[in-house]
Amino acid sequence: MAEMKKKKSNFSLRKLIYNDKYLIIISVIAAIVIWIATSMNLSPETTKTVTVPVTADFSDSAAAKLGIKCYGDETFDVDVTVSCKKYLAKDITSDDIDVSLQTNVVGSTGNIEVPIKVTTGENADFDVQSYYPTTYKGFFDVEDKKELPIEISYSNDDFIESGYIMGEPLLSSETAIIKGPKSYVSKVKKVISNVSINERLKSTQSYDITLSAVDSNSTEVEYVSVDTDPAGTTLTIPVLKQLELDVSTTFEGKPKRLDTSDFSVSYSVNRVNAGVLEDADISTANIGTIDFSQLNVGRNSFDFKTDSIDGLIVLDSIDTITAVVNVPSNYEKKEIKVNRNSVKITNVPKGYKASTNAINFTSVTVIGTAQHLADINQSNINFTVDLSPYSENIKTGVLEYSLTASLENADNCWIYGKYSANLSVIKE
């Protein structure tokens, strides 16, 4: 123990200080410390410009409580120039600078310059020298909106190939919602898309289009937005091939064994110039359907509007085509007495009961040749009311319903006319 104490007592601070090796190390460390301290204190001043991104947020302002919204840039940059020691400059970023809008100055509508305020933290090692811009310029107003139809304008009219025509253009949305400051929304007179097609079309094409809200001078109105379907607005241009087609009609309700070879059908126009889809299987201009329940003995006339013809566009200046069907004179009419027991009600909605209260006729007209009419009586006649179309909004009480008439075991004759019955519907 005495020996250990003796060894410890050999350490001497005096010896350490006067030891050249240790003295050199201590001198170097001291020099470095002094150099760093001196450099920091004597470092030259410099300036640095920092770009700070800012969001224009007025959601918690007094203006927002008054229903006033800001219409301007949602985000903008402020360039802030700071002064600092040169060795600190590289470490200063936009996170060290707070830029805000003095939203309390907004209390009315119109163009307003909102002051920008720039501050730093309490322990910041730099000072703000200047910044730009010093104000945020925005237009302030209450929000308004209105719905307008979409109009299409073409930069050129000659984009359809020869021998083809353009059908009625189709828009995925016919209207658009205009939103923005009330004073600017009131200036919007229409929503338009200027479409440029630089090819000659031979088939139907679709295009994604952009919409603009414009005033009476066709100048785009600022600050307003045009809202449509989130997927955007699509314009479809049908391209139809020009053909000359024979006029035809379709007959429905024809008795299975009826020979119509002696029936004559004529038209006010026998052929029309039409536009049809090139890949559509259309060989005639079918102007519409004629039901046998509409055919009486003798001359029957039916008018069809040309703008209602399915699958084609009539290019001639014709509004109406008349079809005349002549039922030969060897066909006769026979009146047959009926009663409400002839009416059958089908597809009554669950939870309801229906019964025939009364029929609005006493007899029906059956047409056919004398030979085929001879054996027809009340037992051949059936009437049906299908309530399935009314299942969603069935009404109780006594109401009038149309009847579907049919002949049983009489495939050479038909029932002429329209018939109805009053049904009593009650809830179970």
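View 1. Tyr-223 is partly exposed, with a relative accessible area of 30%, whereas Tyr-184 is buried at 12% (buried means under 20% relative accessible area, exposed over 50% and partly exposed in between, with a 1.4 Å probe and protein chains only). This is a predicted model, in which local features need pLDDT of at least 70, side-chain atom pairs count only at pLDDT 80 or more, and totals for chains, interfaces and linings use all residues. Residues are numbered from 1 along each chain as its sequence is written, and side-chain values use heavy atoms, leaving out hydrogens and water. A search of the whole structure finds 17 aromatic pairs (rings of Phe, Tyr and Trp, the last by its six-membered ring, with centres within 6.5 Å; planes under 30 degrees apart are stacked, over 60 edge-to-face and the rest tilted). The ring centres of Tyr-184 and Tyr-223 are 5.1 Å apart and the planes meet at 85 degrees, so this pair is edge-to-face. Tyr-184 belongs to helix α5 (residues 182-185) and Tyr-223 to the loop between β13 (212-214) and β14 (225-227), 39 residues apart (helices, H or I of at least four residues, and strands, E of at least two, are DSSP runs numbered from the N terminus). Lys-187 lies over the face of Tyr-184, 4.3 Å from the ring centre (the criterion is NZ of Lys or CZ of Arg within 6 Å of the ring centre and within 35 degrees of the ring normal).

**View 2. Inside the largest nonpolar core.** Here are 26 residues, and those with the most contacts inside the core are Ile-287, Leu-295, Leu-312 and Trp-414 (a nonpolar core is a set of buried Ala, Val, Leu, Ile, Met, Phe, Trp, Tyr and Cys residues joined through side-chain atoms within 4.5 Å). Strand β22 gives the most, with 4 residues. Beyond its neighbours within four places in sequence, Leu-295 is in contact with residues including Phe-251, Val-325 and Trp-414 (contact means heavy atoms within 4.5 Å).

**View 3. Strand β5 and its two partners.** Strand β5 (residues 110-120) runs antiparallel to β4 (residues 97-101), joined by 5 bridges (strands pair if DSSP finds at least two bridges between them). Val-99 has Val-118 in β5 as its bridge partner. On to β7 (residues 135-154), also antiparallel to β5, there are 6 bridges, and Ile-112 is partnered there by Gly-138.
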